[in-house]
Amino acid sequence: RSDGDVQLLVLSRDDSEELFNSYPEELTRICGNILQTFGLDRQGHDVSQGIDDESADVLSLKHAIRHAMEKQHYESFRKLTSASRSGDVESIRDLLRHGTDLQAVDYDGRSAFAVA
């Protein structure tokens with residue numbers, strides 16, 4: 001677009017990996033922009049405030065993004081629980097460096113440390 005704004009809708013896996021590898025310092029901003037485009041917050045919660053004019057394609061992509069985020073959160077939680085249980089402080093630090101949420105809870109509202 002001529003005004004300098006860019007709207008990103010869909011990238012292939014290869015294209016997105018190339019983008020993230022080319023601009024690693026912008027990864028958080030890029031992901032935030034993608035989530036905002038689909039009306040999601042950083043936890044994958046819908047913050048679109050009931051917008052009903054989303055096409056079937058947009059809804060499908062939104063669902064796929066939410067599903068991938070839920071899977072990633074589950075995996076991070078599982079790894080944090082395992083590292084906590086075994087007392088692996090270096091793995092916990094590595095998980096934190098990669099954005100694992102220490103405040104995350106499981107389906108019963110327990111933190112990874114409480115489960116461990």
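Okay, let's start with one side chain. Leaving out anything up to four places away in sequence, Ile92 touches Leu80, Ala83, Ser84 and Phe113. Keep in mind that this is a predicted model.

So who does Ile92 sit with? Ile92 is part of the largest nonpolar core, and that core has six residues. Along with Ile92 you have Phe77, Leu80, Ala83, Leu95 and Ala112. Two elements, α3 and α4, each put in two or more residues. The top contributor is α3, with three. And there's another core apart from this one, made of five residues, including Leu35, Leu40, Ile65 and Met69.

Now, the two helices themselves. α3 covers residues 56-86, and α4 covers 89-97. How do they pack? The angle is about 155°, and the axes are 8 Å apart. Anything over 145 degrees gets called roughly antiparallel, and α3 and α4 are therefore roughly antiparallel to each other. As for handedness, α3 goes past α4 in a left-handed crossing.

Which residues actually meet there? From α3 you get Lys79, Leu80, Ala83 and Ser84, and from α4 you get Ser91, Ile92 and Leu95. Sort that contact by class and you have four nonpolar residues, two polar and one charged.

Is Thr81 buried or exposed? The relative accessibility of Thr81 is 6%, and the cut-off for buried is under 20%, so Thr81 counts as buried. What does Thr81 touch? Skipping neighbours within four places in sequence, Thr81 is in contact with Ala112, Val115 and Ala116.

Last stop, α2, which is residues 27-37. Which residues are buried in there? Ile30, Gly32 and Leu35 are. And Leu35, remember, belongs to that other five-residue core. The cover over the buried residues of α2 includes α1, residues 13-22, and α3 again. Then, if you follow the chain on past α2, you come to Gly39, and Gly39 has a positive phi, near 70°.

Key
Residues are numbered from 1 along each chain as its sequence is written. This is a predicted model: local features need pLDDT of at least 70, side-chain atom pairs count only at pLDDT 80 or more; totals for chains, interfaces and linings use all residues. Side-chain values use heavy atoms; hydrogens and water are left out. Axes are lines fitted to C-alpha atoms, for helices over the stretch in contact, and angles run from 0 to 180 degrees between N-to-C directions. Helices (H or I, at least four residues) and strands (E, at least two) are DSSP runs, numbered from the N terminus. Angles under 35 degrees count as roughly parallel, over 145 as roughly antiparallel, 65 to 115 as roughly perpendicular and the rest as oblique. A crossing is left-handed if the near helix is turned anticlockwise from the far one by less than a right angle, and right-handed if clockwise. Contact means heavy atoms within 4.5 Å. Ala, Val, Leu, Ile, Met, Phe, Trp, Tyr, Cys and Pro count as nonpolar, Asp, Glu, Lys and Arg as charged, and the others, Gly among them, as polar. Buried means under 20% relative accessible area, exposed over 50%, partly exposed in between (1.4 Å probe, protein chains only). A nonpolar core is a set of buried Ala, Val, Leu, Ile, Met, Phe, Trp, Tyr and Cys residues joined through side-chain atoms within 4.5 Å.
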